[in-house]
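Biologist: Could you put the model up so that we can go through it together? I have a few questions about single residues and then about the fold.

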Amino acid sequence: MAEEAAASSAAVGEAAAAGEGRMTMVVGVDESEHSYYALQWTLRHFFAAEGGQQYRLVVVNAKPTAASAVGLAGPGAADVLPFVEADLKKSSMRVIEKARELCAQVSDALFEVLEGDARNVLCEAVERHQAEMLVVGSHGYGAIKRSHYSGTYNSKLITTMVKGGKPVMLVGIDDSDHSYYALEWTLKHFFALGQPQQYHLVLLTSKPPASAVIGIAGLGTAELLPTLELDLKRGAARVNEKAKEMCSQVIDASYEVLEGDARNILCEAVERHHADMLVVGSHGYGAWKRAVLGSVSDYCSHHAHCTVMIVKRPKHNMHS
């Protein structure tokens, strides 16, 4: 891999000079149709030939080590490794060549083949390139297979119907800074002033039922419910009003407040609106907190039948 690393290093230097002042987008690719669809989706939405290209594109292929591909060592394993290594290199080269063909219209693109586990390779590439966005496809594994293979990521990229001649973009919002950041990011990239607005925007706030907030009923619970219900309604109305102010430049937008668990509400809204894309913010929970509280973004990426874009607030913006 020494020659690949050297070539990659030189390319990084050239691309950094060419892409100075541009944000960076990293796209992970492998030899699957899901991966190529994710790349095509990205090119269509962010690198259209007729539009300005605001991003420097970095396409990354992770080549597994021959030892990890072969599995446990046994008699004759050492003899097989050179052939496996050669096949893996050829496969990576095929992936990169196809990616180059797909990216012909991109003015500033870099292509890398790096050895290692795809999950680590992609996260390290994000840090190295200081990328604002990472795009990966989903193989659509079920829960058991996903757990077994420990998928890289699970944002589904599935073509859906369009509403009234425009594709529908659904944005889930709540009263958190992460949610408002995701909405701001969406407006900047898809609804900027002076740019054609290709989507019908649906802003959705989910209001939990008062009984779900209180939890298990006890003495005095019934008396609390009306007051809590009123507070929850006011909270949802505040979120909706702030969203309307933020979306003043959007030509075609609608706003909804629905009662229920946010995960179910968003996935059902995707079906009802035949949405092409769902955007949600990420609270950045760790694995343990995610398991206890449940991650809305994680659930939607597994169950929503559309493109799911999870917007994570950059670390440098956390306290700004």
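Biologist: Is serine 35 buried or exposed?

Modeller: Serine 35 is buried, with a relative accessible area of 4%, where buried means under 20% relative accessible area, exposed over 50% and partly exposed in between, using a 1.4 Å probe and protein chains only. Please keep in mind that this is a predicted model, in which local features need pLDDT of at least 70 and side-chain atom pairs count only at pLDDT 80 or more, while totals for chains, interfaces and linings use all residues. Residues are numbered from 1 along each chain as its sequence is written, and side-chain values use heavy atoms, with hydrogens and water left out.

Biologist: Which element is serine 35 found in, and what is it in contact with?

Modeller: Serine 35 is found in helix α2, residues 33-46; helices (H or I, at least four residues) and strands (E, at least two) are DSSP runs, numbered from the N terminus. Leaving aside neighbours within four places in sequence, serine 35 is in contact with Gly28, Val29 and Asp30, contact meaning heavy atoms within 4.5 Å.

Biologist: And what does α2 lie across?

Modeller: Helix α2 lies across β1 (23-28), β2 and β4, and runs at about 155° to β1; axes are lines fitted to C-alpha atoms, for helices over the stretch in contact, and angles run from 0 to 180 degrees between N-to-C directions.

Biologist: What is the strand order in that open sheet of four strands?

Modeller: The order is β3-β2-β1-β4, with parallel pairing, and two strands pair if DSSP finds at least two bridges between them. The edge strands are β3 (109-115) and β4 (133-135), each of which pairs on one side only. Neighbouring strands of this sheet are turned by 25° against each other on average, direction ignored.

Biologist: How many bridges join β2 to β3?

Modeller: Seven bridges join β2 (residues 55-63) to β3, and the two run parallel, with leucine 57 standing opposite alanine 109 in β3. Helix α5 (residues 118-129) also packs on the sheet, where α5 touches β1, β2, β3 and β4 and its direction makes about 150° with that of β2.

Biologist: Switching topic, how many residues of α7 are buried?

Modeller: Eleven of the 14 residues of α7 are buried, so the helix is mostly covered; among the buried ones are Tyr180, Tyr181, Trp185 and Phe190.

Biologist: And for the whole chain, what share counts as buried?

Modeller: Of the chain's 320 residues, 43% count as buried, and the secondary structure comes to twelve helices and nine strands.
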